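The sequence and the structure are shown first.

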Amino acid sequence: MHVQHSNVNCLEPCVNTDESMEEKSNKAVELEDKAFDEIIGHVEDILIEDEFYELQRKFLETYWDVFEPVEENKLIYTDIFNEYSKVVENYIVNHLRRIIPNFNIDKFLEYLNVRQTELDGEVFEMLATLIDFVAFKQLFLDYRAIKEGKYDGLSSGIHITSFHTNNKTNSSP
């Protein structure tokens, strides 16, 4: 158990008001948010590294054909999910611990899970694949669709139309 010592100087009158407790609580939340944002920034850096890309690509290449686009899940999906979570989590944790020596993945994943509904973007989608089986399975189904040529992306819904009309006016010099 970690005991935190107060910095309050009790030689002066110690007054414990609701406002001071609220201020302390707000400061704690701000510090927690700042730490979370710092970690996310480092995770973004990790995710764009070639080494991480290769790690994830190899994993997807190994298992993409196991996943099927049906609601029923095979028992092997759980084993693959657990292996993927372990490999990717270890990679990220090892990198983060070099930068942030007291980094705690359990605390980070807990905070990530609590804030999941308010988080958006590719970084959070990738991190969700570590804690959310549905997001994990979707990653593999998307990769499968790409491998099978069934993923059009946005290109199928894009049509280019000119906004200019070619009205030539005959004007004599």
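## Helices α5 and α6

In this predicted model, helix α5, spanning residues 122-131, packs against helix α6, spanning residues 133-147, at an angle of about 115 degrees, and the axes of the two helices are 6 Å apart. That angle makes α5 roughly perpendicular to α6, and the crossing of the two helices is left-handed.

On the α5 side, the contact is formed by Ala128, Thr129 and Ile131, which meet Phe133, Ala135, Phe136 and Leu139 of α6. Sorted by class, the residues of this contact of α5 with α6 comprise six nonpolar and one polar, with no charged residue among them.

## Helices α4 and α5

Helix α5 also packs against helix α4, which covers residues 105-114; here the angle is about 110 degrees and the axes lie 11 Å apart. The two helices α4 and α5 are therefore roughly perpendicular to each other, and α4 passes α5 in a left-handed crossing.

The residues of α4 that take part are Phe108, Leu109, Leu112 and Asn113, and they meet Phe124, Leu127 and Ile131 of α5. The contact of α4 with α5 divides into six nonpolar residues, one polar residue and no charged residue.

## Helices α2 and α3

Another pair is made up of helix α2, residues 50-63, and helix α3, residues 75-99, whose axes come within 11 Å and cross at roughly 170 degrees. At such an angle, α2 and α3 are therefore roughly antiparallel to each other.

From α2, the residues Glu51, Phe52, Leu55, Gln56, Phe59 and Tyr63 meet a set in α3 that consists of Ile80, Glu83, Tyr84, Val87, Val88, Tyr91 and Ile92. By class, the contact of α2 with α3 has ten nonpolar residues, one polar residue and two charged residues.

## The protein as a whole

The protein has six helices and zero strands, so that, read from the N terminus on, its elements run α-α-α-α-α-α. Among the contacts with a separation of 6 or more, 75% are accounted for by residues 24 or more positions apart.

Of the 173 residues in the protein, 28% are buried. The accessible surface of the protein comes to about 13600 Å², and carbon and sulfur atoms contribute 51% of that surface.

When its neighbours within four places in sequence are left aside, His42 is in contact with Leu96, Ile99 and Ile100.

Asp45 also lies in helix α1, which spans residues 18-47. Along the chain, Asp45 and Val123 are 78 residues apart, while their C-alpha atoms are separated by 9.9 Å.

Key
Residues are numbered from 1 along each chain as its sequence is written. This is a predicted model: local features need pLDDT of at least 70, side-chain atom pairs count only at pLDDT 80 or more; totals for chains, interfaces and linings use all residues. Side-chain values use heavy atoms; hydrogens and water are left out. Axes are lines fitted to C-alpha atoms, for helices over the stretch in contact, and angles run from 0 to 180 degrees between N-to-C directions. Helices (H or I, at least four residues) and strands (E, at least two) are DSSP runs, numbered from the N terminus. Angles under 35 degrees count as roughly parallel, over 145 as roughly antiparallel, 65 to 115 as roughly perpendicular and the rest as oblique. A crossing is left-handed if the near helix is turned anticlockwise from the far one by less than a right angle, and right-handed if clockwise. Contact means heavy atoms within 4.5 Å. Ala, Val, Leu, Ile, Met, Phe, Trp, Tyr, Cys and Pro count as nonpolar, Asp, Glu, Lys and Arg as charged, and the others, Gly among them, as polar. Buried means under 20% relative accessible area, exposed over 50%, partly exposed in between (1.4 Å probe, protein chains only). Accessible areas come from the Shrake-Rupley method with a 1.4 Å probe; for residues, only the protein chains shown count as cover.
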